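Please read it alongside the sequence and the model.

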Amino acid sequence: METLFVILIGLFFAAAIYLMLSKFTIRILLGIVLLGNGVNLLLFTAGRLTRQIPPIIPAGSDTLSIAAANPLPQALILTAIVISFSFFAFLLVLAYRAFEELGTDSTDEMRLAEPRDEPLPPTGY
Amino acid sequence: MAAPTSTPVDLSTAMILAPPALGDWLVILPVALMIATGGLLMMIRKSVRLHAVIGLSALALLIVLDAALLWRVWQNGPITMTMGRWLPPFGISFTADIFGASMALASAIVALLASIFALKDISTTGLRHGFVAFLMLMMAGVSGAFLTGDIFNLYVWFEVLLISSFGLLILGSEPRQIEGALKYAILNLIATTLFLISVGYLYAIFGTLNMADIARKEAAIREGAPLVTLTALFVLAFGMKAAAFPVNFWLPASYHTPRITVSALFGGLLTKVGIYALIKVTVMLFPVEREAISLAIAVSAVLTMILGALGALAQNDLRRMIGYVVIVGIGNMLAGVAVGTPVAVGGAILYALHSIVAMTALYLMAGEVFRLSGSWQLSTLGGLWARSPWFAGVSFALMLAASGLPPLSGLWPKVVLLKASLDIGAWWLATAILVSAFIVTIALARVFLLAYWRPAITDDPMTGDPMASAGAVAAADWRTAAPLCLLTALVLFFGLFPEPLLQASQMAADGLADPRAYIRSVFPEAATP
């Protein structure tokens with residue numbers, strides 16, 4: 001099960017990096033979503049994948065059995081999902097506004113703040 | 001239905017039963033104050049007139065709290081408070097040591113002075129869009145990052161300060177701001193995702209997220225775990241946040257786009273949070289692994305410094321030039337991390353404290369230049385000496401401070417870093433520090449030459465802009481003059497009397513190199529390393 005998940009996570013990362021290397025903002029954003037989900041799966045796998053053992057502390061014991069899944073990474077994922085979801089919503093609006101204001105979704109052509117023909121500073125006066 | 005148990009439960013095995021000492025609340029109060037004020041300002045978003053009053057008083061109170069915290073930590077050593085009273089490492093701990101407390105104090109001072117500047121710089125529209133509320137939440141993130149003792153909690157504070165910095169960055173919604181914000185947002189989001197990956201691996205290896213717990217377990221786990229890889233991942237993530245070469249191109253692409261007060265806050269605070277996290281994780285948690293990759297960090301430091309300095313030399317836009325000066329400072333701090341001896345780490349901490357103040361002051365200086373002359377471009381600036389002699393003097397002092405010349409505070413961290421790198425025989429690192437400082441001196445001296453000494457330029461002497469050509473002395477505005485003068489007084493004071501800062505940074509570095517006091521404050525019963 002873990003091996004399958006590791007391969008799946010690898011695919012997520014590969015696709016995310018491929019998309020983020022694009023110069024179009026919407027593909028970069030899709031890449032970021034895939035990356036975020038890949039990381040969530042990675043955390044999930046790190047906390048043991050098991051469904052045979054319910055997370056119930058047996059009588060006479062203080063801790064969960066060692067084979068039960070660790071609940072803490074799942075709590076981390078929950079936090080990370082909330083954060084990355086809100087960031088993605090913000091980024092989508094930002095990218096849309098950028099497309100409206102700048103008239104392009106290619107990062108190569110977004111040169112308003114960093115103009116190509118900016119002069120060098122004067123060397124004297 | 002659970003039947004009521006007849007046996008009494010012994011809570012002391014799971015919870016801290018004694019209430020925390022009153023003074024220990026200082027660890028959490030800065031964050032609580034900032035979040036509460038931010039929330040309050042969100043609620044009264046439309047009553048713009050109240051914003052400045054509430055914001056400034058909250059920041060003044062924040063300085064008092066941070067100063068009290070630093071004083072207490074200085075007297076008693078690190079103090080810890082654990083959320084929900086769960087015994088650490090199960091509860092999330094906030095632990096303040098001298099390093100975190102002094103950084104928090106420096107950032108609070110800078111935030112207050114920058115918001116006084118903002119009274120002039122930020123319009124009513126900006127206030128209505130929530131400038132002060134975002135500033136409060138960003139300070140919550142910054143203070144939280146400096147004071148937390150839990151590495152996942154550190155991730156959360158990074159996200160808090162990141163999302164509020166987005167809000168500050170696009171204040172005004174000009175096209176160039178949106179462009180800068182897009183680049184900043186995407187690259188910083190990738191950096192925090194890298195941080196999250198590292199946290200995931202860290203938890204998989206250690207089974208704990210509490211920094212003190214990691215520090216005391218590290219030696220036992222070191223043999224069988226891929227800790228060098230983990231440290232390298234952390235260095236990459238924090239290096240990206242701190243703007244270290246080769247992952248620093250988001251900084252010159254975005255830091256010159258927002259309002260100048262926002263640039264000042266970002267340049268002073270945000271990159272330093274990255275450096276703080278980098279120092280904390282590499283020096284305190286993974287010292288042996290840091291040694292293993294120190295060459296890579298050193299190379300990155302040299303390239304950050306030299307390329308940053310050359311970038312500063314090539315900029316015509318004053319704000320972009322200052323962005324590159326910020327990057328040079330990051331390179332210096334990285335050099336301290338790369339050397340890694342307590343003296344070097346002390347130098348890096350000292351540099352961070354100096355840089356928080358000096359970089360903010362430099363950006364605010366650029367804002368005053370724009371207010372006086374209406375231009376950011378070196379090719380059109382001129383005549384500022386005649387327009388405002390006191391401002392020329394203040395600017396000159398700030399430029400000396402930023403390039404590391406005596407008698408300002410920029411000198412001492414460079415001296416400490418030079419000595420530390422020569423002590424371990426890294427002459428090339430010392431050379432890079434000196435060469436980059438020299439290039440920055442040239443770049444800043446040229447700003448002074450062109451913008452201040454050169455007579456004002458008018459396209460047509462007959463119909464030229466009367467403001468610029470008259471050569472009349474401009475009236476000072478206390479809202480811009482006071483923060484600039486106070487920041488300059490700070491860099492001058494600590495340039496002339498560096499002893500307290502040198503001592504504080506050295507104590508902070510010693511506390512990181514030997515974290516026994518830190519661990520003891522979280523786990524009072526078991527101080528074994």
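Pro407(B) is placed in the loop between α17 (389-403) and α18 (411-423) of chain B, where helices are DSSP runs of H or I with at least four residues, numbered from the N terminus. The model is a predicted one, in which local features need pLDDT of at least 70 and side-chain atom pairs count only at pLDDT 80 or more, while totals for chains, interfaces and linings use all residues. Residues are numbered from 1 along each chain as its sequence is written, and chains are lettered from A and ligands numbered from 1 in the order in which they are written.

**Cis peptide bonds**
- The bond that joins Pro406(B) and Pro407(B) is cis, with omega about 0 degrees.
- A cis bond also leads from Phe245(B) to Pro246(B), with omega near 5 degrees, and Pro246(B) lies in the loop between α9 (227-242) and α10 (250-254) of chain B.

**Positive phi**
- Ala243(B), in the loop between α9 and α10 of chain B, has a positive phi near 70 degrees.
- Ser173(B), in the loop between α6 (151-169) and α7 (175-206) of chain B, has a positive phi near 55 degrees.

Terms used: Helices (H or I, at least four residues) and strands (E, at least two) are DSSP runs, numbered from the N terminus.
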